[in-house]
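Here's a quick briefing on the model shown next.

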Amino acid sequence: MSVVIVGGLHADARRAAVARLLADVPGSVALHHDLATAAAGTVVRTVRDATGLLDAGEAPLVNDCACCALREDLVPELERLADAGRTPLAVVELWDSVEPKAMAEVVTAGGLTVTGVLTAVDPALVLPYLANGDDLADGGLAAAATDQRTVADTFARQLEYAPVLALADSPEADDEDRELLAQLHPTARQVPIGQGDLADRPADDGLTVPAPRRRALTPLAEAALAGFDVEAAAAAQHPACALLPAEADAHGVSTLVWHRYRPFHPERLYAALEDLTCAAARSRGRFWLADKTDTLFHWDAAGGALCVESAGPWLASLPDAAWEMVPPVRRAAAALDWHPEHGDRGQHLVFTSPGLDRDGLERLLESCLLTDAEYAAGRDAWQRLPHAFDTLLEV
């Protein structure tokens, strides 16, 4: 049995994508855990096919966490369907704010085969959601009482993790909306949800079609069954080797890629955080602080909010013997970006937004780097710079 995960905060688009898959693949079923009832102490599970509801039940909360209940209940339900042998494809429709990364890893760890991860998107809603700094809890979208995520950062992770974006037919979307989506996730395969015509390929082309009878795949079903590598997907999100967007400028939307081999002055960067965070609808990447020269920091901003956290050591700070414990993709990424003096240390930040002030943003970023004199003073002097980020990193 193949498993495809469909997520996204755009609920109408998500439901349309699931309905399309159920119609496209005969014998498929969809599982959905509704976390909206978690406050009452239960999570409602439904199983349906293209004709309607097949089964419904409740899963109790685990540690007062709705997502924990989902994890505990989902894999046994999928195993039950697989053991019955009548379901070629199980579509896991995630609840609004559940992120596909965690669920893909849970399902894979359970020994099941995830063949695709899709995030359903309404192109007209990309910028409004990316600019929404409200807490999920304020909109009844929190997955747990301790959930402190915002709409913007949750949507950004849902969007950027999935290799396939299922696009709703959105008459309100314009060229700027579509360009923003393309620049945010340029490697994603975009597939229209409403495209129900069969893909232009013969039914005996060698693809494994999980259906009682052989037939050509529709574009959405083909994308859902194309295969998925959970380890590669996780690596693509890690700041040390992330597949970040490239330079772009079209239809009023710009992406600035800023790459430097000189550390930030911690105090000047800290003072500029608000302006940098608000300069773009979305920014992310990795950066290097002069007073913490061995630590790789992750930059993740959306909706006017910034998350800064340590992502472990730079490879250049590790002894040679430790390199064998580092994933090959991390070593390869470092080798491609290796500096003869600093190794893999450096700044790699990407800003994407309509109306981006590229020149002003570059000037602000440059002003946060060490000056020539500060740089020439060397690492011992850098360690004595104000540790401006200590309080932020302790939060």
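**Cavities, a strand and rings**

The lining of the largest cavity splits into five nonpolar, no polar and four charged residues (nonpolar is Ala, Val, Leu, Ile, Met, Phe, Trp, Tyr, Cys and Pro; charged is Asp, Glu, Lys and Arg; the others, Gly among them, are polar). Keep in mind that this is a predicted model, where local features need pLDDT of at least 70 and side-chain atom pairs count only at pLDDT 80 or more, while totals for chains, interfaces and linings use all residues. Residues are numbered from 1 along each chain as its sequence is written, and side-chain values use heavy atoms, with hydrogens and water left out.

**Cavities**

- There are three cavities of 30 Å³ or more in the structure, and the largest holds about 60 Å³ of space.
- Here a cavity is a set of points on a 1 Å grid over the protein atoms alone where a 1.4 Å probe fits but cannot get out, a pocket is an open set with protein on both sides within 12 Å along at least five of seven lines, and lining residues have an atom within 4 Å of a point.
- Grid points are joined across faces, edges and corners, and a volume is the space filled by probe spheres set on the points.
- The residues lining the largest cavity include Arg286, Trp314, Arg330, Asp337 and Asp344.
- Helix α10 (residues 328–336) supplies the largest share of that lining, three residues (helices are DSSP runs of H or I, at least four residues, and strands are runs of E, at least two, numbered from the N terminus).

**Largest pocket**

- About 430 Å³ of space lies in the largest pocket.
- Its lining has 19 residues, with Glu99, Lys101, Arg157, Gln237 and His298 nearest the centre.
- That lining divides into seven nonpolar, four polar and eight charged residues, and α5 gives the most to it, with four.

**Strand β5**

- Strand β5 (residues 89–93) is largely enclosed by the rest of the structure, because five of its five residues are buried (buried is under 20% relative accessible area, exposed over 50% and partly exposed in between, with a 1.4 Å probe and protein chains only).
- Leu89, Val91 and Glu93 cover one side of β5, and Ala90 and Val92 the other.
- β5 pairs in the parallel sense with β1 (residues 2–7) over five bridges and with β2 (residues 29–34) over four (pairing takes at least two DSSP bridges between two strands).
- Ile5 stands opposite Val92, and His32 stands opposite Glu93.

**Rings**

- The structure holds 12 aromatic pairs (rings of Phe, Tyr and Trp, its six-membered ring, with centres within 6.5 Å; planes under 30 degrees apart are stacked, over 60 edge-to-face and the rest tilted).
- Trp288 and Trp382 make an edge-to-face pair, 6.2 Å centre to centre with 75° between the planes.
- That pair links parts of the chain 94 residues apart, with Trp382 in helix α13 (residues 379–382).
- Trp288 is buried at 0% relative accessible area, and Trp382 is buried at 4%.
- Trp323 and Trp338 are also edge-to-face, because their centres are 5.7 Å apart and their planes at 65°; Trp338 is partly exposed at 39%.
- Ring pairs link a cluster that includes Trp258, Tyr270, Trp299 and Phe389.
- The charged end of Arg262 sits over the ring of Tyr375, 4.5 Å from its centre (that takes NZ of Lys or CZ of Arg within 6 Å of the ring centre and within 35 degrees of the ring normal).
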